[in-house]
Every structure is written in structure tokens, then in C-alpha cells.
Amino acid sequence: MTEQMSTLETDVILQQAPTESTAMLLRKSRLEVIALFAEIIAALAVVLSVIYLAMQMSANNKLLQSQSTNNMMASIHANMLQIATNPEFAALTVRCAQNPYAVSEVEWLRCASYYHATMDQWEYAFNQYHSGAMPPDYWSGIDAGIKHFSTAEMGFQRFWQERSNFYGRDFFAYADPIIPKISPPEPMTPRSEDSQ
């Protein structure tokens, strides 16, 4: 019986060893599964965070776009308000538009300052549009205004002739082909009595 007992004890010990080893493997396997789930959840959290940030950035970009356009429009309206509220200045801008060489130097300085502010607004709009900060439909209206006023008003043409070098290369490349080139009129020479 002693022999049998020792064999029986040996069998029990041998049976217990694999059970403890299996339990350790199961615990290790459970921990690996839990770690895998934790990694999956963390990865999902990162993806959701990136999606949320993208949505926030898109909303922020739209807000910045809107604010930029509103600022530009307020600037344009302030410039237009100078003409609307000051009849003398309105009359001067009409004279400058028709013949900028027929006004005095002081009057031209006032008109040139007005044209400069307007051209700066146009350049700002151009840059905003080309950087993606201005919607295309806003730009198309401003582009039409630039083409109309710069070709219809000789004052813009004189201003551009004298000061186009104040503007950036990209805006210059856009505006220069649009704005007609003008030159000051030739000074009148008095007629001699012999030619009469």
C-alpha cells in the first residue's frame, strides 16, 4: 500500500502541476485579452479625439473666414461712407475719376489716398481669397468691382500708374493686366502768331 500511496501521491502531484501551470497560463491569457481590449479602447478614444478636433477646427476656420470677410466689408463700407457723407469729397472723387490730371496736387493727394485705401482693401480681399479664407462667391463680387472701377475710372488708372509698386507681386500680377495704362496729357504749347 505504501508503494501504491506513493504512486498515488506522485500522480496527484503530477496532476496538480499542470493545473497550476494552466491556471497561470489562463491568468496570463486573460491579462493579455484585457490589455488588448484596453489598447483597442485607447485607439478608439484617439480616433474620436482626432475627429472631434477636426470638427472643431473646421468650425473655427468657418468662424475666422466669416470674421475676416466681415472685417473687410466693414473697411469697404467705411471707405464708401466718406463719399456718402461728404458731398464736397464726393464731387472731388467724381472729378478725379473723370480726369485725374485736371485736379490740383492737393486734390489729387486726397483722391490718391482714397484710391490707396480702396486698392489696399482689394489686395487684402485678393489675398484672403487665394489663402482660402474668403468664399469664392464673395470674391467674385469683389473681382467684378475691381474690374469695373479700375477700368471705368481714370483716377484708379493714374493711381496704379504712379503707385503700383506699393503692392505685392501676386496682386500686381492680377491687377496690372486689368487696369488700363494712361499717361498724363501733353502740355499745351501756346500757338505763335505766325501760325495763325
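This is a predicted model: local features need pLDDT of at least 70, side-chain atom pairs count only at pLDDT 80 or more; totals for chains, interfaces and linings use all residues.

Residues are numbered from 1 along each chain as its sequence is written, and side-chain values use heavy atoms, with hydrogens and water left out.

A pair of aromatic rings is described by the distance of the centres and the angle of the planes. Rings of Phe, Tyr and Trp (its six-membered ring) are taken as a pair if their centres lie within 6.5 Å, and planes under 30 degrees apart count as stacked, over 60 as edge-to-face and the rest as tilted; by this rule there are 16 aromatic pairs. One of them joins Phe89 and Tyr114, whose ring centres are 5.8 Å apart with the planes at 75°, so the pair is edge-to-face. This pair links distant parts of the chain, 25 residues apart, with Phe89 in helix H2 (residues 87-98) and Tyr114 in helix H3 (residues 105-130); helices are DSSP runs (H or I, at least four residues), numbered from the N terminus. Phe89 is buried at a relative accessible area of 5%, and Tyr114 is buried at 13%, where buried means under 20% relative accessible area, exposed over 50% and partly exposed in between (1.4 Å probe, protein chains only).

Phe171 and Tyr174 make a tilted pair, at 5.9 Å centre to centre and 40° between the planes. Because they are 3 residues apart in helix H6 (residues 169-175), about one helical turn separates Phe171 from Tyr174. Both Phe171 and Tyr174 are buried, and they belong to one aromatic cluster whose members include Phe126, Trp139 and Trp160.

A charge also meets a ring: Arg158 lies over the face of Trp108, at 4.2 Å from the ring centre, the criterion being NZ of Lys or CZ of Arg within 6 Å of the ring centre and within 35 degrees of the ring normal. Gln157 is found in helix H5 (residues 154-163), and Gln157 is buried, at 5% relative accessibility.

In helix H4 (residues 136-152), the buried residues are Trp139, Ile142, Asp143, Gly145, Ile146 and Ser150. Seen down the axis of H4, these buried residues fall within an arc of 165°, so they line one face of the helix, the arc being that of the directions from the helix axis to the C-beta atoms.

Note on methods:
Helices (H or I, at least four residues) and strands (E, at least two) are DSSP runs, numbered from the N terminus.
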